[in-house]
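Q: Please take a close look at a single part of this structure. I am new to it and would welcome one connected account.

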Amino acid sequence: MLEVHNVRKAFDGFQAVAGVTLGVARGQIAAIIGPNGAGKTTFFNLVTGHLRPDAGTVVLNGRDITGLAPHDVCRLGMGRSFQRTNIFPKLTVFENVQAAFISHRGRGLSFFARVEGLYRDETYAVLESVGLGDKAGEVSGFLSHGNQKQLELGIALASEPDLLLLDEPTAGMSATETRETIRLIERITRERGLTLLFTEHDMEVVFSIAQRISVLHQGRLIAEGTPSEVRNDPEVRRVYLGERRR
Ligand SMILES: Nc1ncnc2c1ncn2[C@@H]1O[C@H](COP(=O)(O)OP(=O)(O)OP(=O)(O)O)[C@@H](O)[C@H]1O
Ligand SMILES: [Mg+2]
């Protein structure tokens with residue numbers, strides 16, 4: 001479904017992503033792990049069009065999408081969430097997801113209709129599935145951090161993706177919130193038949209749900225394989241034992 005070939009990105013001569021080749025098969029749950037600064041977020045940005053690669057190609061469902069703008073990539077079926085939350089804090093939970101539906105599907109023939117009712121059912125369905133059904137009317141900026149991350153996921157789902165990229169979906173969460181969120185993500189991925197690529201620092205999470213793991217270190221892939229292959233890889237162990245997490 002996703003084929004990334006030899007993408008590179010330098011910032012002022014510093015190679016943040018130094019030639020990465022990686023594929024994700026349809027229906028797969030794949031993870032990218034690596035220490036802070038390994039290039040995970042930069043890699044995501046290259047895939048989603050938020051950054052243009054210096055070299056390399058990104059192919060989605062057989063179509064070359066290298067250099068396309070994020071909204072065009074999104075329209076082709078790739079949804080994402082961000083490491084730092086990306087919600088409209090003054091809008092309600094409902095309005096955030098509804099806005100994402102409007103931006104994705106457009107206002108259609110209802111241009112002169114009142115905006116309040118647009119995609120109401122779809123919005124509630126997404127809020128239910130991310131566990132925010134009872135928080136629709138709350139102002140998003142006042143939600144707990146965990147709820148804000150759930151909302152982010154809802155916003156990503158409103159673009160009706162086939163492939164979902166989640167950049168540290170459990171960042172800053174408590175252990176309990178992390179477990180719940182991962183269960184939620186797993187369920188949504190299965191229910192909606194999505195393909196998932198995510199980054200994550202919590203190794204327990206990664207090893208419990210990922211079918212394939214790619215390990216980035218200093219902008220390069222140093223290992224790739226099943227959880228057990230990666231867990232036993234000497235280079236991976238060296239990188240993880242030698243460097244402390246934040
Ligand atoms: N816009 C930018 N300008 C300059 N340097 C950048 C920029 N974005 C990222 N970098 C640098 O590129 C490297 C990779 O950063 P990136 O954010 O991709 O790492 P990461 O693996 O996502 O790290 P983390 O686990 O902390 O989220 C880092 O050294 C970072 O400082
Ligand atoms: Mg990052």
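This is a predicted model: local features need pLDDT of at least 70, side-chain atom pairs count only at pLDDT 80 or more; totals for chains, interfaces and linings use all residues.

**Helix H3 and its partners**

A: Helices H3 and H5 cross in a right-handed manner. The axes of H3 and H5, the latter comprising residues 145–157, come within 8 Å and cross at roughly 25°. Angles under 35 degrees count as roughly parallel, so H3 is described as roughly parallel to H5. On the side of H3, the residues that make this contact are Val-93, Asn-96, Val-97 and Ala-100. Their counterparts on H5 are Leu-151, Gly-154 and Ile-155.

The aromatic rings come next. A pair of such rings is described by the distance of the centres and the angle of the planes. Two aromatic pairs are found in the structure. In one of them, the ring centres of Phe-94 and Tyr-124 are 5.1 Å apart and the planes stand at 45°. Stacked pairs have planes under 30 degrees apart and edge-to-face pairs over 60, so this pair of Phe-94 and Tyr-124 is classed as tilted. Phe-94 belongs to H3, which spans residues 93–105, while Tyr-124 belongs to helix H4, which spans residues 120–129.

Another aromatic pair is formed by Phe-101 and Tyr-119, whose ring centres are 6.0 Å apart. The planes of these rings lie at 25°, so the pair is stacked. Here Phe-101 is again a residue of H3, and Tyr-119 sits in the loop between H3 and H4. The two are 18 residues apart, and this pair too links distant parts of the chain. Phe-101 and Tyr-119 are both buried.

Two details elsewhere may complete the picture. The charged end of Arg-231 sits over the ring of Phe-207, at 4.2 Å from the ring centre. Helix H1, residues 40–48, is mostly covered, with eight of its nine residues buried, among them Phe-43, Phe-44 and Leu-46. Gly-49 follows H1 and has a positive phi, near 90°.

Technical notes. Residues are numbered from 1 along each chain as its sequence is written. Chains are lettered from A and ligands numbered from 1 in the order in which they are written. Side-chain values use heavy atoms; hydrogens and water are left out. Rings of Phe, Tyr and Trp (its six-membered ring) pair if their centres lie within 6.5 Å; planes under 30 degrees apart count as stacked, over 60 as edge-to-face and the rest as tilted. Helices (H or I, at least four residues) and strands (E, at least two) are DSSP runs, numbered from the N terminus. Buried means under 20% relative accessible area, exposed over 50%, partly exposed in between (1.4 Å probe, protein chains only). A charge sits over a ring if NZ of Lys or CZ of Arg is within 6 Å of the ring centre and within 35 degrees of the ring normal. Axes are lines fitted to C-alpha atoms, for helices over the stretch in contact, and angles run from 0 to 180 degrees between N-to-C directions. Angles under 35 degrees count as roughly parallel, over 145 as roughly antiparallel, 65 to 115 as roughly perpendicular and the rest as oblique. A crossing is left-handed if the near helix is turned anticlockwise from the far one by less than a right angle, and right-handed if clockwise. Contact means heavy atoms within 4.5 Å.
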